Amino acid sequence: MLRSKGERLLQLSELTNSKFSPTNIAVHAVQNAFDVVIITQQLDIKLAKRGFLATVRSLWREEGHRAFTKGLWTSILQQYLDDKIRSFLRRLLWTTLPNYLPPLAIESIVAATAHALVYPLQAIRTRLIAQTGTSKYSGMFDCFVRAREEEGDAALLTQGLLPALAHVLLTMVASSYSTRLIIHPVLRRIESQHGWVLALPLSTIATEFFTHPIATITKRMQLQFSGLPKSMRPRVTGSSVREIVSRTRSEQGGITALWSGFTGVIVRSFAVSATMALAVLLDDLATIARENYGDVYSMVGL
């Protein structure tokens, strides 16, 4: 018997990071397209505009559809490895750490460790997305090699790492609150797939409202190398959180500039949720087809 659509939608949202299925790659592709716009606005680089749609048009005019696929495979690899490392660490820590430690503390250790190990991939992805209008890096591996040669190991390993870890931990705490305050109340009122389609993006938006400024600071710290092409350089960068916050206030008209790109976060949250809901619908149709035309499917090996 089929599980409820809401349960499968939630499972798909949890498993998107760990499997290379066509469905999950499609979800990643949708999310990555929005991420390109969001990160472009966060960095406030050459093609960034004040509005979300204006930035989309600017990217499209410069690079066409290719602009929205930059960093896709790096993102998939990063999240896949992150999930595998977390699974390994959970099995290890749940059997070795004292029982009195709260689950959130163990999950925080797991999340921070996993993110630190895959952090160079996040830094590489930021650079690949930022190189709009230039071809400094030909791909993920080329970016890794050239960054080490030109800037040393610290370029990808440590620049922005501390705020990135703070972002991971704050996201976990904010997510736990948004689950209790948003997802549970919505599902009590809308007990169907529609409840999940509404609850998941609302929870994501609430969480990212608190974490978005830290993500912006992290992205700007990842591109503090002065040798980058001018089109890749953020309008505001620095070697510390305090420096970036101070320069943002003085050069961008206030601290609210750290929420640049948040409109894209809102649109992305609903777009990804709708994509997952569509995946569940297509899965239902495929299941029905197999039940009604099983003999035909067997003949063609499906």
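Modeller: A salt bridge is a side-chain nitrogen of Lys or Arg within 4 Å of a carboxyl oxygen of Asp or Glu. Please note that this is a predicted model.

Colleague: Which residue forms a salt bridge with Glu 208?

Modeller: Side chains of opposite charge can pair when their charged atoms come close. Here Glu 208 pairs with Arg 268, the closest N and O atoms being 2.7 Å apart.

Colleague: Are Glu 208 and Arg 268 buried or exposed?

Modeller: Both Glu 208 and Arg 268 are buried. Arg 268 also meets Asp 35 in a salt bridge (2.4 Å, N to O). That pair links distant parts of the chain, with Asp 35 in helix H2 and Arg 268 in helix H11, 233 residues apart. Asp 35 is likewise buried.

Colleague: Which residues are linked in a network of salt bridges?

Modeller: The network links Asp 35, Arg 125, Glu 208 and Arg 268. Across the whole structure, a search finds 11 salt bridges.

Colleague: How many residues apart are Glu 150 and Arg 146 in helix H6?

Modeller: They are 4 residues apart, which means a separation of about one helical turn. The closest N and O atoms of this salt bridge are 3.5 Å apart. Glu 150 counts as partly exposed because its relative accessibility is 34%, and Arg 146, at 27%, also counts as partly exposed.

Colleague: At what angle do the axes of H5 and H6 cross?

Modeller: The axes come within 10 Å and cross at roughly 100 degrees. The two helices are therefore roughly perpendicular to each other. The residues of their contact divide into 7 nonpolar, no polar and 2 charged.

Technical notes:
Residues numbered from 1 in each chain as written. Predicted model: local features only at pLDDT ≥ 70, side-chain atom pairs only at ≥ 80, totals over all residues. Heavy atoms only, no water. Axes fitted to C-alpha atoms, helices over the stretch in contact; angles between N-to-C directions. Parallel < 35°, antiparallel > 145°, perpendicular 65-115°, else oblique. Nonpolar A, V, L, I, M, F, W, Y, C, P; charged D, E, K, R; others polar. Buried < 20%, exposed > 50% of the residue type's maximum accessible area, 1.4 Å probe, protein only.
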